[in-house]
Amino acid sequence: MSYYPLLLNAISIEKIWGGRNLEKLFAKNLPPNQLIGETWEAWEGCEIANGNYAGQQLERVVERDPVGFLGTRDKRFPLLFKFIDAQKDLSVQVHPDDRAAQKLENYPFGKTEAWYILAAEPNAHLFVGFQRDTTSAQIRAAIANQSLVDLLQPVPVQRGDVVFVPAG
């Protein structure tokens, strides 16, 4: 098989914390009357928009020749690249390593993330981890009394910042 640079059709994801900034910032054609929190730009479920593979999902092309396409026998496309428009706080995310993801979710990859901040409002921040060592009992109590945010570590961000969040 021969490969060429693939153009993928992004997938718009409606979220209660989303907005319409992706339309303004990146001239995205978003579904009307929806709060779009994410567009998934490169993901195995994206449809290919150009060339011989146009109309096919990326995962189907990868499955036919994973070694040629990815350089590995693993048939899963290992990346998710997305734009996020967070107008409100997102849910707290857990970042399992590969072993935990395989054991708990039957998914081959852990969740390492890198955030590149393209635009940010004044005083914008991400929460990354806890401010101090925290027990599961403290976390459960904070969830019960709606004070979990008080345990989280805010990281101020501005345009051009990169925040790396390793799995585990």
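Biologist: Which residue forms a salt bridge with Glu-38?

Modeller: In this predicted model, Glu-38 lies in strand β3 and its partner in strand β5 (residues 81-84), so that the pair, 44 residues apart, links distant parts of the chain under the criterion of a Lys or Arg side-chain nitrogen within 4 Å of an Asp or Glu carboxyl oxygen. The closest N and O atoms are 3.3 Å apart, and the partner of Glu-38 is Lys-82.

Biologist: Is Glu-38 buried or exposed?

Modeller: Buried means under 20% relative accessible area. Because Glu-38 has a relative accessibility of 6%, this residue counts as buried.

Biologist: What is the N to O distance in the salt bridge between Lys-28 and Glu-41?

Modeller: Both Lys-28 and Glu-41 are buried. Their side chains meet in a salt bridge, with an N to O distance of 2.8 Å.

Biologist: Which residues do salt bridges that share partners join into one network?

Modeller: Glu-63 forms a salt bridge with Arg-60, the closest N and O atoms being 3.2 Å apart, and both residues lie in helix α2 (residues 58-64), 3 residues apart, about one turn of the helix. Through shared partners, the network is made up of Glu-59, Arg-60 and Glu-63.

Biologist: Why does Tyr-116 count as exposed?

Modeller: Tyr-116 is found in strand β6 (residues 113-116) and belongs to a nonpolar surface patch together with Leu-25, Phe-26, Leu-118 and Val-162. The cut-off for exposed is over 50% relative accessible area, and Tyr-116 is therefore exposed, its relative accessible area being 52%.

Methods: Residues are numbered from 1 along each chain as its sequence is written. This is a predicted model: local features need pLDDT of at least 70, side-chain atom pairs count only at pLDDT 80 or more; totals for chains, interfaces and linings use all residues. Side-chain values use heavy atoms; hydrogens and water are left out. Patches are made of residues with over 30% relative accessible area and no salt bridge: like charges are joined within 9 Å, nonpolar side chains (Val, Leu, Ile, Met, Phe, Trp, Tyr) within 5 Å. Accessible areas come from the Shrake-Rupley method with a 1.4 Å probe; for residues, only the protein chains shown count as cover. Helices (H or I, at least four residues) and strands (E, at least two) are DSSP runs, numbered from the N terminus. Buried means under 20% relative accessible area, exposed over 50%, partly exposed in between (1.4 Å probe, protein chains only).
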